[in-house]
Amino acid sequence: MKKRRQNKFLIEPASSATGDIAFNLIVFFLVCASVQPDRGMKQTLPSSEQSQSKALSENLEVEISGKETVLLNRDPVFIHDLRQVLAQRFESKPRPEDRVVVVKQTPDATYDQYIAVSNAVALTGGTVTLQTEVTKTVTVH
Amino acid sequence: MKLSRKMPRADVPNAAMGDIAFNLLIFFVILAKANDDSNLQWTPADGSNLQTATAVASVVVDKKGRLYLNGSEVGQEQLKASLERTMANAETEQQRTVHLKVHNKTRRDKYEPIIGAISEAGGVMIHVLNEEN
């Protein structure tokens with residue numbers, strides 16, 4: 001009786017560890033995906049003393065009112081056009097201190113509009129300074 | 001003649017226990033962060049030309065208008081003092097970086113004082129935004 005020789009040159013790897021390998025790979029990719037730091041827009045506002053020392057009337061003023069348009073020195077401009085308009089205005093102002101933009105906001109203004117304006121100012125090389133309302137109590141006798 | 005049948009035993013594979021324990025340990029160590037604000041619900045505003053930066057503090061205004069500092073709810077009046085304490089020994093700009101995460105439809109009366117408090121505390125603000133295409 002001829003014995004059939006089993007020519008098994010291919011050695012199969014142990015498949016019992018496959019589940020562990022897959023699990024470890026999932027963990028590694030989840031870890032790599034979750035440790036990405038947040039991305040954002042850096043903004044440093046000038047202190048109030050620095051703002052007051054400069055004549056505010058010389059700077060551009062943007063008023064955000066919760067609508068699609070903002071008022072640039074009292075002229076309405078669409079928010080998505082603001083960057084182009086600021087770029088044109090800043091062509092004649094090479095110094096960074098001349099590119100300060102005073103941002104005023106009505107109570108209806110929302111954060112995404114503020115960010116859109118800040119982004120437009122930052123991309124055109126300007127600096128944002130916030131004009132806030134100050135309430136003062138005056139006692140009258 | 002009665003043949004006694006051997007009942008098959010379904011044992012838990014002890015050899016894999018070490019791997020299971022190690023993986024669970026990695027999972028929980030990675031997921032447990034000191035200042036975790038991933039449970040807070042807020043929608044970022046859109047922006048472009050964003051940069052990556054790590055921060056020493058995270059200020060969040062969620063969709064309900066509640067203010068959180070490093071995952072814990074705080075009042076607006078406490079924010080400046082808390083940030084000053086956090087950045088008391090800060091020497092470099094990186095040690096004064098604060099992530100500001102504000103829900104996109106938050107109104108001015110909520111976020112403007114927060115921006116002012118961060119600036120007065122000497123923080124370098126990074127508005128965390130969604131990169132627009």
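# Close-up views of the chain A and chain B model

**View 1. Salt bridges in the predicted model.** Over all chains the count comes to 10 salt bridges, a salt bridge being a side-chain nitrogen of Lys or Arg within 4 Å of a carboxyl oxygen of Asp or Glu. Arg107(B) forms one with Asp108(A), with the closest N and O atoms 3.4 Å apart. Arg107(B) lies in the loop between strand E6 (97-102) and helix H3 (108-120) of chain B, and Asp108(A) in the loop between strand E5 (100-105) and H4 of chain A, so the pair joins two chains. Helices (H or I, at least four residues) and strands (E, at least two) are DSSP runs, numbered from the N terminus. This is a predicted model in which local features need pLDDT of at least 70 and side-chain atom pairs count only at pLDDT 80 or more, while totals for chains, interfaces and linings use all residues. Residues are numbered from 1 along each chain as its sequence is written, chains are lettered from A and ligands numbered from 1 in the order in which they are written, and side-chain values use heavy atoms, with hydrogens and water left out.

**View 2. The contact between chain A and chain B.** Chain A gives 32 residues to the contact and chain B gives 36 residues, where contact means heavy atoms within 4.5 Å. About 3200 Å² is buried between the two chains, 53% of it on carbon and sulfur atoms; buried area is the accessible area (1.4 Å probe) that two parts lose on being put together, summed over both. Between chain A and chain B there are 4 salt bridges. In a salt bridge of 2.9 Å, N to O, the side chain of Arg39(A) meets that of Glu131(B).

View 3. An open sheet of 7 strands, with mixed pairing, has the order E2(B)-E1(A)-E7(B)-E6(B)-E3(B)-E4(B)-E5(B). E2 and strand E5 (72-73) of chain B stand at the edges, each with a single partner strand, so one side of each is left without a neighbour in the sheet. Two strands pair if DSSP finds at least two bridges between them. E1(A) pairs with strand E2 (residues 51-52) of chain B in the antiparallel sense over 2 bridges. Gly40(A) has Gln51(B) as its bridge partner, and Arg39(A) stands opposite Thr52(B). E1(A) and E7(B) run antiparallel and are joined by 4 bridges, with Met41(A) opposite His127(B). Within chain B, E6(B) and strand E7 (residues 124-128) pair in the parallel sense over 4 bridges; here Leu100(B) stands opposite His127(B).

**View 4. A hairpin in chain A.** Strand E3 (residues 69-72) and strand E4 (residues 75-78) of chain A run antiparallel and are joined by 4 bridges. Asp75(A) in E4(A) is the bridge partner of Leu72(A). The hairpin has 2 residues between the strands, and Asn73(A) takes a positive phi near 50 degrees.

View 5. The whole structure holds 3 aromatic pairs over all chains. The rings of Tyr111(A) and Tyr114(A) have their centres 6.4 Å apart and their planes at 35 degrees, so the pair is tilted. Rings of Phe, Tyr and Trp (its six-membered ring) pair if their centres lie within 6.5 Å; planes under 30 degrees apart count as stacked, over 60 as edge-to-face and the rest as tilted. Both tyrosines lie in helix H4 of chain A, 3 residues apart, about one turn of the helix.
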